[in-house]
Amino acid sequence: MNGVAAYVWLIPLCPLIAAAVTALLPRQQRRLASGLAIGAISLSFLLSVLSFLPCLTRTADERVPRFLVNFDWVQLGSGFLRLGWMVDPMSAAMLVMVSFVGGLIFIYSVGYMANDENFTRFFCYLSLFAAAMLGLVVANSLLLLFICWEIVGLASYLLIGFWFHKPAAAAAARKAFVTTRIGDIGLLLGMVWLYSETGSLVFYDEGRGCLEQTALSALASKTLAGGMAVTTSISILIFCGAAGKSGQIPLHVWLPDAMEGPTPVSALIHAATMVAAGVFLVARMHPLMSLGSGLQVVAWVGALTAVFAASIAVAQTDIKRILAYSTISQLGYMMLGLGTGGVAVGMFHLFTHAFFKALLFLGAGSVIHGCHGEQDIRRMGGLRKLMPVTFATYGVGMMALAGFPLFFSGFWSKDAILHAAHTWPISKGPFLLGLLGTLLTAFYMTRQMLYVFFGTNRSTTRALAVSHGIHESAPTMTMPLVVLALFSVTLGFLGTPVWPWFDAFIAGRSAHWALHHLTEALPTMGLSTIIVLIGTSAGWWCYGRGQIAQSPFRDTLAGFAPRLYSLLRDRWRVDEFYAATFQALNQALAELCDLLDRRIWGGMVRLITAAAEGFCALSRWADDQVINGGFEHACRRLSRSGGILSACQDGQIRNYLRVVAVAVVLLMLWLLMGESL
Amino acid sequence: MTLMLFLLAVPTLAAALAAMCLRNLVHAALCAAICFTGVAALFVYLGAEFMGFAQVIIYVGAIAILLLFAVLLTRGFETLSPLRARQVPWPVGVMAALITLAVMTISVVSSPSLLRPRTAMVLRTRQVGDRLMTDYVLPMEAIGLLMTAVLIGAAVLALRDSNGAKRRRVP
Amino acid sequence: MNPLPTVVLLSCLLFAIGLGGVLTRRNAIVVLIGIEFMLNAANLNFIAFWRYGPEPEALRGVMFALFSIAVAAAEAAVGLAIVLAIYRHWRTADLDDVDELRGDRL
């Protein structure tokens, strides 16, 4: 089916053109750069909505609507490498979400980065990122997806390290790139393996695609030597790439450090879109991953990540770090949802999370902006009255994240995941871990709210002048917050158990009211509500009764369980572990190679140089002594012989006479006696 | 006859040798004159009286006197040049002369045709004059020309040139 | 008895003496004397061969010797004039000192 897919390639192209034009601008032109970027993404949003609409139609046979364009790209031998793009419900929804949230964040950045001198460069990178992300979403070929995946990684590197003269930012950008690269190795291997098994990297290609029935049934029967199914192995390899991009353990270490970038970057890339790319990949490859036991790995890793990250978030003091770990935790939830419940469950949480996490990050950015660059929550406080709009929207986001019942989207999406985990036939472990995660999420979000917005202002270093100067942010910054808050509330209603519109949308069915689902879902809903309330109360009990204002300042948990607190604060010492093992090994290898290069290869080069020099010296000596010397010697001989010859004509007559006499005598002798001799 | 020959030859050769060996130039010139006289005597002995007397007139009368005059006119200080070029050693000359002598002697001795006897003949001056005017008139005229040239040339060469001498002295 | 070989040997001796002197002596005039000796020896040879050789009526040897004397006289005159000219300029008649064609050295 062609249809709307014929022009869907325009959607990534608009921001790409904006990025190219901005990159080639001769000097800083702020209005043009930001105008181009926002204009391009708005255009993409419009086109995304236009391509979304056909996906809402329902065909009679209740098939998933899918619009494709495939073409031959590169000739390999007798066959071709095909690329293509498509529009199906999942990608259409993603397009709308990415371009909408992206557009809001672009607008926010105009205000946030107004004082930065590299304004144009920022918008160029943002547009590049948007183009790559949109391209990733519309890709119908794993190869095209991978290309856009890598460009997204590049844009992330450029944006994290935007303030590259800060060593921490440069190191964080490098760390992000390298860590995701490690995941990408797995993805590449999986891709190559899949291609070799199925002969195609295109997802849906009229029966020939790698996610279509023929290919999948051919794969399903194969096993490896150790008994593991080929599908499981490929799934695990592809999941490696997703784990790197989406911050699952053990490749999560880059995400908190990526907070060194500007806050809009954190909001866009590390909350709403890029990290969701991993989830999107798993969702795309779900038909393949559901064969074999790949999804079990996904579910367990997701559950563990959720709890692990949430536990770290409890002990953090940087406002953005808390949100970063929260993101990792929620990504774990998404993976858990994909693993246990299917595409719709995981994707729904992705969508809701995109909105409320972007909201939370932008709100944090507003707080930081208002506190004149302060990021430590221990030095904030009392912003409830100083920045009311920010407080209100942040509150909405917090409750959505924690999963407050009924009115907040996070509740519905997380509940769907917990329900799916509960009904998972293989194990109840992920479900319990999910519940624990919910408890911790509610706890640390309450803690953060209490630290930042309640109590009195504790910005000691900047003194009274600052506390007088903390005010609400500009409308360009608060307006997106309000919009996102709105969506954080309303979007949840698309995925309630009684009216599973989203689920049906993804599957291509029409949604029906299903009141019977309510009875199934009610126990889980009730349980999660209770746990959220317990978490919130615990948070209030630890921090809400004036402990924060005490001095000397000490976190309640630190007083309660100091060893555990320090372990959590040090992020379970994972970074230190990596530094001691992999990095140390890498360093040792690098030093060995450097030694090899400098001593041995360098030595060889020096040896050859010395030999060449020696040869040159030898030839110079030869030229000097032998050739020049010989020449000079010959010349001297010549002049001396000239002297000798000239001495023969000395004007001495007697000599002449004697010589002539001798000659005549000899001649005479020869003439007269020559015959007899 | 051989005795006569011997008596004539010995002084001639002795005088020649003396002329070549003497340090005193006047003595050498005088010995040369004696040698010329001896040769004239030999000419007479051999029957060519005209030649003998011609020899006396020209050689002894003119050439020997000329030699004496030259010796007397070129006396004086001899400036030794500070640098002497390398000389071929004088025994070379003597050896060359001796070898020439040896070669000639050997060739004379080893040719038998020289030993045929003959009758004597007397040279008459008239014969000489006849020959000069008939067979040898061209050489005679040429000799006349030569003599004229020699006369003029020698006079020019020996002429004291006062202007040229001043010009030649370049500092 | 034929004295021809004796006379010829005599002339050879005279010639050799003249040659030795020419090659040995340093004074120009003595060299000229030596040259005269050599010419005399040649004349002697001619006369001897005229006397004891074939066809004496042709007077060939005598004629030759006569012209030889004339030429020798001419040559001696010119040679001695040259010696005088050289003496006037270089103040010496030594053959070793007169070794350049340059006229400006004294």
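Chain C has 3 helices and 0 strands, where helices (H or I, at least four residues) and strands (E, at least two) are DSSP runs numbered from the N terminus. Along the sequence the pattern of chain C reads α-α-α. The model is a predicted one, in which local features need pLDDT of at least 70, side-chain atom pairs count only at pLDDT 80 or more, and totals for chains, interfaces and linings use all residues. Residues are numbered from 1 along each chain as its sequence is written, and chains are lettered from A and ligands numbered from 1 in the order in which they are written.

Of the 106 residues in chain C, 58% are buried; a residue is buried if 20 or more other C-beta atoms lie within 10 Å of its own, exposed if 12 or fewer, and partly exposed in between, with C-beta atoms placed from the backbone. Two residues are in contact if their C-beta atoms, placed in that way, lie within 7 Å. Among contacts in chain C between residues at least 6 apart in sequence, 51% join residues at least 24 apart.

Chain C touches both of the other chains named here. Its contact with chain B takes 64 residues from chain C and 73 residues from chain B. On the chain C side, α1 (4–24), α2 (28–52) and α3 (60–90) each supply at least two residues, and α3(C) gives the most, with 19 residues. That side divides into 45 nonpolar, 10 polar and 9 charged residues. Here Ala, Val, Leu, Ile, Met, Phe, Trp, Tyr, Cys and Pro count as nonpolar, Asp, Glu, Lys and Arg as charged, and the others, Gly among them, as polar. The contact with chain A takes 6 residues from chain C and 8 residues from chain A; the chain C side has 3 nonpolar, no polar and 3 charged residues.

One helix pair joins chains B and C. Helix α1 (residues 2–21) of chain B packs with α1(C) at an angle of about 10°, their axes 9 Å apart. Axes are lines fitted to C-alpha atoms, for helices over the stretch in contact, and angles run from 0 to 180 degrees between N-to-C directions. The two helices, α1(B) and α1(C), are therefore roughly parallel, the term for angles under 35 degrees. Among the residues that meet are Leu5(B), Ala9(B) and Leu13(B) from α1(B), and Leu10(C), Leu14(C) and Ile17(C) from α1(C). By class, this contact has 10 nonpolar, 3 polar and no charged residues.

The largest nonpolar core has 205 residues, a core being a set of buried Ala, Val, Leu, Ile, Met, Phe, Trp, Tyr and Cys residues joined through C-beta atoms within 7 Å. Those with the most contacts inside it are Phe129(A), Met133(A), Val282(A) and Ala358(A). Helix α15 (residues 343–370) of chain A gives the most to this core, with 17 residues. Apart from it lies another core, of 81 residues, including Ala9(B), Leu46(B), Ala28(C) and Leu80(C).

In chain A, helix α4 (residues 119–138) has 18 of its 20 residues buried, so it is largely enclosed by the rest of the structure. Pro15(A) is in helix α1 (residues 10–23) of chain A and is buried, with 29 other C-beta atoms within 10 Å. Leaving aside neighbours within four places in sequence, its contacts include Ala40(A), Ser127(A) and Leu134(A). Pro15(A) and Leu126(A) are 111 residues apart in sequence, but 8.7 Å apart in space, C-alpha to C-alpha.

How values were computed
Angles under 35 degrees count as roughly parallel, over 145 as roughly antiparallel, 65 to 115 as roughly perpendicular and the rest as oblique.
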